[in-house]
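User: I would like to learn how to read a protein model step by step. Could you take me through one, giving the general idea before each case?

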Amino acid sequence: MAILKIARMGHPVLKRIADPVQDPTDPEIHKLINDMVDTLADIGGAGLAAPQVHVPLRVVIFHVPGARLAAEDQVEGTPPPGIPLTALINPEITPLGDEMVDGLEACLSVPGLAGTVPRYSRIRYRALAPNGSVIEREATGFHARVVQHECDHLDGILYPMRMRDMTSLGFVEELRRYEDKEAAD
């Protein structure tokens, strides 16, 4: 396995529509996914798309920790099980309604920054798994947000392109510092 270099905003691979994967069972696709898993584990984050590691293919990986779901739903005690690490090949997203929810997002390809992004609150996604089987799920909350964020990379879209108000874009360190001060006031 290998730790892959992350493409940053401005690189041409992040601006183009990624190519479909012809055979999800191809050993090269499995190697790519394994390398993406190692890269995500090394750098942290909730998800990663193949274009972010300079590979213009329609592959994403993501996970949602149970603690994140618990915080979102304000659950106390033992956190619910999260969404385990999942690989989606050639994913397709269908919104389940028109409701959009604003949320703070960051991205490994836009290091150090975060901003408020509107996303569909409920989606259905369909994709191929690495073994060729079909994955079809409904998602809400952070699960829906992370899938939409990662799949945007497959269409050459970075989160700042989805922002309605650029005044919410800021350096993560500054946003945290002033969020902490506002919470203390």
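User: To begin, where is the place of N90?

Analyst: This is a predicted model, in which local features need pLDDT of at least 70 and side-chain atom pairs count only at pLDDT 80 or more, while totals for chains, interfaces and linings use all residues. Residues are numbered from 1 along each chain as its sequence is written, and side-chain values use heavy atoms, with hydrogens and water left out. Helices (H or I, at least four residues) and strands (E, at least two) are DSSP runs, numbered from the N terminus. In those terms, N90 has its place in strand β3, residues 83–95.

User: What is the phi of N90, and how should I read such a value?

Analyst: Most residues other than glycine have a negative phi. N90, although it is not a glycine, has a positive phi of about 55 degrees. H54 is likewise not a glycine and has a positive phi, of about 70 degrees; H54 lies in the loop between β1 (47–49) and β2 (59–64).

User: Which strands form the open sheet, and in what order?

Analyst: Strands of a sheet pair through backbone hydrogen bonds, either parallel or antiparallel. Two strands are taken to pair if DSSP finds at least two bridges between them. Here three strands form an open sheet in the order β4-β5-β8, with antiparallel pairing. The edge strands, each pairing on one side only, are β4 (100–107) and β8 (170–171). Between β4 and β5 (residues 110–120) the antiparallel pairing runs over eight bridges, and D102 stands opposite P118 in β5.

User: Which helix lies across β4 and β5, and at what angle to β4 does it run?

Analyst: Axes are lines fitted to C-alpha atoms, for helices over the stretch in contact (heavy atoms within 4.5 Å), and angles run from 0 to 180 degrees between N-to-C directions. Helix α3, residues 141–153, lies across β4 and β5 and runs at about 60 degrees to β4.

User: How many helices and strands does the whole protein have?

Analyst: The secondary structure comes to four helices and eight strands, which follow the pattern α-β-β-α-β-β-β-β-β-α-β-α along the sequence. Along its principal axes, the C-alpha trace spans about 55 × 35 × 35 Å.
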